[in-house]
Amino acid sequence: MQLYHHPYSMDSQKVRLALEEKGIDYTSNHANPLTGKNMDSSFFRMNPTAKLPVFQNGAHILFDTIEIIKYIERVVEVSSGVETNTSNDREINEWMQKIQRWNPKIFTLSHVPDKYRLFVSKFLRRVVIARMAESPDLASVYHLKLRIAYETEDKLKNVDLLKDNEEELVQLLDEAEVQLSETTYLAGEEFSMADVMLIPVLARLSLLDVEDEYIESRPNISKYWKVVKQRPSYKAVIGNYFSGWRKYRTLLKTWLFVCIRSVLRKY
């Protein structure tokens with residue numbers, strides 16, 4: 001099994017948490033979007049969306065996060081010969097879909113200083129154009145990526161859209177807060193794939209230094225956050241990369257420019 005991902009991609013984190021929780025061995029392949037690695041023609045041919053993660057098992061390729069997680073669960077069932085269906089499968093699925101509907105990209109980019117965001121955005125557009133020249137047969141999908149990049153910049157200028165995005169997050173967290181007042185985990189008393197979906201959301205809020213506003217202000221989520229951070233899967237997938245938040249944010253700026261300048265010479 002092959003997983004193409006990046007440590008700071010939220011959807012990648014969700015899939016890796018699922019793999020760790022289920023104890024599945026896989027080959028890890030890093031595809032750094034900040035250096036345009038996910039724009040390589042070989043990656044595009046496998047996954048026209050150029051989104052991470054991509055899960056490959058033989059000839060079977062998946063790039064929808066929830067589909068990958070459900071596939072992982074089926075693999076475990078087949079290999080163990082034991083069905084893992086529980087009475088709260090419906091609740092788990094509803095939470096997974098609800099969490100996945102929220103767009104973290106808009107929220108994240110809206111909290112990144114304009115000068116850094118625009119620098120990376122311009123660089124990635126140059127990478128797309130260069131890749132398109134190298135592989136003209138993929139021009140249509142590269143054009144689509146360019147259009148999405150421009151549309152994203154327009155969305156970040158739309159105050160109403162940003163407000164709606166934040167309100168969706170607040171509603172999601174408020175619903176989780178109510179649920180966690182009744183159960184230990186998001187869909188009951190046992191850790192489930194619903195929690196796998198929520199943990200990267202909380203990690204992203206912590207990374208963006210808005211933990212006080214969105215997590216600590218909700219006592220049940222705050223307690224839950226402290227509990228799930230003790231799980232081995234969290235430490236393996238997120239904790240090892242995100243230790244020392246303020247140090248990471250400072251180093252990220254330097255690392256970002258070093259990575260981009262090294263690749264920029266090609267274009």
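**Exercise 1. How many residues lie between E3 and E4 in their hairpin, and which residue in the turn has a positive phi?**

Solution. The model is a predicted one.
- Step 1: E3 and E4 run antiparallel and are joined by 3 bridges.
- Step 2: In this pair, Asn 57 stands opposite His 60 of E4.
- Step 3: The hairpin formed by E3 and E4 has 2 residues between the strands. Gly 58 in the turn has a positive phi of about 65 degrees.

**Exercise 2. Give the strand order of the open sheet and identify the strands at its edges.**

Solution.
- Step 1: The sheet has 4 strands in the order E2-E1-E3-E4, and its pairing is mixed.
- Step 2: E2 (27-30) and E4 (60-62) each have a single partner strand, so they stand at the edges and one side of each lacks a neighbour in the sheet.
- Step 3: Ignoring direction, neighbouring strands are turned by 15 degrees against each other on average.

**Exercise 3. Describe the pairing of E1 with E3, then place the helices that lie on these strands.**

Solution.
- Step 1: E1 (residues 2-5) pairs with E3 (residues 54-57) in the antiparallel sense, over 3 bridges.
- Step 2: Gln 2 stands opposite Gln 56 in E3, and Tyr 4 stands opposite Val 54 in E3.
- Step 3: Helix H1 (residues 10-22) lies across E1 and E3 and runs at about 150 degrees to E1.
- Step 4: Helix H3 (residues 65-80) also packs on the sheet, where it touches E3 and E4. The direction of H3 makes about 135 degrees with that of E4.

**Exercise 4. Classify the packing of H8 against H11 and list the residues that make the contact.**

Solution.
- Step 1: Two packed helices are described by the angle between their axes and the distance between the axes.
- Step 2: For H8 (residues 159-179) and H11 (residues 219-228), the angle is about 80 degrees and the axes are 8 Å apart.
- Step 3: Angles of 65 to 115 degrees count as roughly perpendicular; H8 and H11 are therefore roughly perpendicular to each other.
- Step 4: H8 contributes Leu 173, Ala 176 and Glu 177 to the contact, and H11 contributes Pro 219, Asn 220 and Ile 221.
- Step 5: These residues divide into 4 nonpolar, 1 polar and 1 charged.

**Exercise 5. Compare the span of H6 with the expected value, and name residues of H6 that are buried.**

Solution.
- Step 1: H6 covers residues 114-134, 21 residues in total.
- Step 2: From its first C-alpha to its last, H6 reaches 30 Å, close to the 30 Å expected at 1.5 Å a residue.
- Step 3: Buried means under 20% relative accessible area. The buried residues of H6 include Tyr 116, Val 120, Phe 123, Val 127 and Met 132. Arg 117, Arg 125 and Arg 131 are also buried.

Methods. Residues are numbered from 1 along each chain as its sequence is written. This is a predicted model: local features need pLDDT of at least 70, side-chain atom pairs count only at pLDDT 80 or more; totals for chains, interfaces and linings use all residues. Side-chain values use heavy atoms; hydrogens and water are left out. The expected span of a helix is 1.5 Å times one less than its number of residues. Buried means under 20% relative accessible area, exposed over 50%, partly exposed in between (1.4 Å probe, protein chains only). Axes are lines fitted to C-alpha atoms, for helices over the stretch in contact, and angles run from 0 to 180 degrees between N-to-C directions. Angles under 35 degrees count as roughly parallel, over 145 as roughly antiparallel, 65 to 115 as roughly perpendicular and the rest as oblique. Contact means heavy atoms within 4.5 Å. Ala, Val, Leu, Ile, Met, Phe, Trp, Tyr, Cys and Pro count as nonpolar, Asp, Glu, Lys and Arg as charged, and the others, Gly among them, as polar. Two strands pair if DSSP finds at least two bridges between them.
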